[in-house]
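I opened the file to go through its contacts one group at a time. These entries follow the order in which I looked things up.

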Amino acid sequence: MTENLFIEGDNLEVLKLLQKSYHKKVKMIYIDPPYNTGRDFIYKDNFQDNIKNYLEISGQVDLSGNRLSTNYDTSGRYHSNWLSMMYPRLKLARNLLKDDGVIFISIDDSEYSNVKSICDEIFGEENFIEPFVWIKKTAPNNVVIGGVHEYILVYAKNQSEVNLNLLPRDTEKDKKYKNPDNDPRGRWAPDNLTAAAKGGRATPSLIYEIVNPITGQKHMPPEGRMWIVPEDQMLDKIKDGSIYWGKKGDGRPMDKKFLKDIRNGVSASTLLNDVGSNSTASKDLANLFDGNVFFETPKPVKMLQRFVQLGLNDGDLALDFFAGSATLAEAIYRQNLEDNKARKYILCQLPEEYPTDSKAFKSGFKKISTFAIERIKRAEAKLDMKEGYGFKVFQLDETNIRPWDADFDNLEQVLQQATESIKAGRSNEDVLYEILLKYGIALTVPVETEIINGKEVFVVGAGALIVCLDDGITSELVEGIAKLKDKLDPETTQVVFKDAGFADSNVKTNAIQILKQAGVDDVKSI
């Protein structure tokens, strides 16, 4: 049973729908939002003030609508539109983060300061961790100063709760640790026993003479340096054999650095110059699509894998609501294979259409979302994954439940439709997953199907929720559901029917009593 999700739809609406089912369940968010290039972007939210009115009030156009200024990039609206798009999404995303969760936001220079300002407001200035600087390309030769980097801002939900992981140690470096003298403390490597004098001035207590107990040779720290510990501690180290005097025992003293005392990991540098570049990211896609890229601005898998290592532990859930080419999914798969973990993901991508003259469109990919889905499938196949792969795909749509619309010009038809609570053309599965969201149940919860008295009954979460949306519900069917509940014996059970599905009002009344006798107090109809 996969716990990975891909959702096609406007991420603002998707984030709203996930609020109940995934509140405080996401450990890490990574987003690579569309950078503000000044062009119209596709997230056309409704702003209170329309652009035409704003330009007239601010004196940027005349009464005929002609622009009076060409300084578009410095206009307030230039940044306002993009930030108005980002703000509600980040606000909703924060609700989904666990208390020890983190968010990584890719951004370039155009909106760095602005997105940091809204993140300071949403997440709190005190929860800003660090900005990563990603070296994405080499400097061009036709400029004096070449921009070669982008940023990834990192915020915690709660700085006091977050505990990022160390990166894996380089096992090759561990090979330098040996144990030629069979020290019971295990493998060790010789290390410097001196440190540079602070500010050019040595600490007096760290300047003293060391005597080699084997040869009697005396040693002082080199000019401008001092020993790393006071004399009494140094004598203890000599006594317990923590000082190395060279292969022949007559060399300068060195500290024995034991492998067991080394941290089980290394710190992550904020300079990302070892995780691939723009060209690397394109090659990642080309390796899956027969040399084709089909996406303009992918991020390298290795970079997102770095964030996965830092922010996710076994079983943790990641979210990317600007999924793009679905790089995060492949990064999680690759890292899970490397360290045998079971991290999960939710990806969301707008069904943005490719231009009809694009190579992607001509190759059969009408939308970025369909390309992203195919990318995940190909990554799974290439990695030959056996466990922790696969994903459910959902498409965002309007509610399946018919709203009341008091159209007095056509009241007879409205009243007739009111007897059917579910819109025409919607499947039972469509309605089921809307119910899960309304009940705050994860979309990946196990769902089994039982046939009782010829009717389809969905059993969710081993009986925590039982749903029947068929017509012609009889008392015999309800009694069958009561027996199923007793058999499964969940801690609590909720039962949902379609209101128009009952054979008659007596059956509906009896259903409540039958289920109440079976210990089910929560019975609803839609």
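**Entry 1. Salt bridges**

I started with Arg-169 and Asp-174, whose side chains meet in a salt bridge at 2.2 Å, N to O. The model is a predicted one, and I keep that in mind for each distance below.

I then looked up the exposure of both partners. Arg-169 has a relative accessibility of 22%, so Arg-169 counts as partly exposed. Asp-174 has a relative accessible area of 15%, under the 20% limit, and is therefore buried.

I went on to Lys-256 and Asp-183, which form a salt bridge with their closest N and O atoms 2.8 Å apart. This pair links distant parts of the chain: Lys-256 belongs to strand β12 (residues 254-258), Asp-183 to the loop between β5 and β6 (188-191), and 73 residues separate them. I found Lys-256 and Asp-183 both buried.

The two are also members of a network of salt bridges that links Asp-181, Asp-183, Arg-185, Asp-240 and Lys-256.

How many salt bridges does a search of the whole structure find? I got 30. One more pair I noted is Asp-10 with Arg-89, a side-chain salt bridge at 3.2 Å, N to O.

Arg-89 has a relative accessible area of 0% and is buried. Asp-10, at 23%, is partly exposed.

**Entry 2. Aromatic rings**

I counted 18 aromatic pairs. In the pair of Tyr-112 and Tyr-151, the ring centres are 4.5 Å apart and the planes stand at 50°, so I logged the pair as tilted. Tyr-112 is in helix α4 (residues 112-124) and Tyr-151 in strand β5 (residues 149-156), so the pair ties together parts 39 residues apart in sequence. Tyr-151 has a relative accessible area of 16%, which makes it buried.

Next I looked at Phe-321 and Phe-322, also an aromatic pair and tilted, with 5.3 Å from centre to centre and 45° between the planes. Phe-321 and Phe-322 are both buried.

I recorded one aromatic cluster formed by Tyr-30, Phe-104, Phe-132 and Phe-307.

I also searched for charges over rings. The charged end of Lys-116 sits over the ring of Phe-128, 4.3 Å from its centre. Lys-366 lies over the face of Phe-361, at 4.9 Å from the ring centre.

**Entry 3. Helix α12**

I turned to α12, which covers residues 428-439. The helix has twelve residues and spans 16 Å from first C-alpha to last, close to the expected 16 Å at 1.5 Å a residue.

Which residues of α12 are buried? I listed Asn-428, Val-431, Leu-432, Tyr-433, Glu-434, Ile-435, Leu-436 and Leu-437. The buried residues of α12 pack against α1 (11-21) and against the strands β16 (392-395), β17 (447-452), β18 (455-460), β19 (465-468) and β20 (494-497).

After α12 comes Gly-440, with a positive phi near 75°.

I looked at the α1 side through Ser-21, which lies in that helix. Ser-21 has 0% relative accessibility, so I count Ser-21 as buried. Leaving out residues up to four places away in sequence, Ser-21 touches Leu-436, Leu-437, Gly-440, Ile-441 and Ala-442. Leu-436 and Leu-437 are among the buried residues of α12, and Gly-440 is the residue that follows the helix.

β17 and β18 run antiparallel to each other over six bridges. Within this pairing, Glu-448 has Val-459 of β18 as its bridge partner. The hairpin of β17 and β18 has two residues between the strands, and Asn-453 there takes a positive phi near 50°.

β18 and β19 also pair in the antiparallel sense, over three bridges. Val-460 has Leu-465 of β19 as its bridge partner. The hairpin of β18 and β19 has four residues between the strands, and in it Gly-461 has a positive phi near 60°.

Notes. Residues are numbered from 1 along each chain as its sequence is written. This is a predicted model: local features need pLDDT of at least 70, side-chain atom pairs count only at pLDDT 80 or more; totals for chains, interfaces and linings use all residues. Side-chain values use heavy atoms; hydrogens and water are left out. The expected span of a helix is 1.5 Å times one less than its number of residues. Buried means under 20% relative accessible area, exposed over 50%, partly exposed in between (1.4 Å probe, protein chains only). Contact means heavy atoms within 4.5 Å. Rings of Phe, Tyr and Trp (its six-membered ring) pair if their centres lie within 6.5 Å; planes under 30 degrees apart count as stacked, over 60 as edge-to-face and the rest as tilted. A charge sits over a ring if NZ of Lys or CZ of Arg is within 6 Å of the ring centre and within 35 degrees of the ring normal. A salt bridge is a side-chain nitrogen of Lys or Arg within 4 Å of a carboxyl oxygen of Asp or Glu. Two strands pair if DSSP finds at least two bridges between them.
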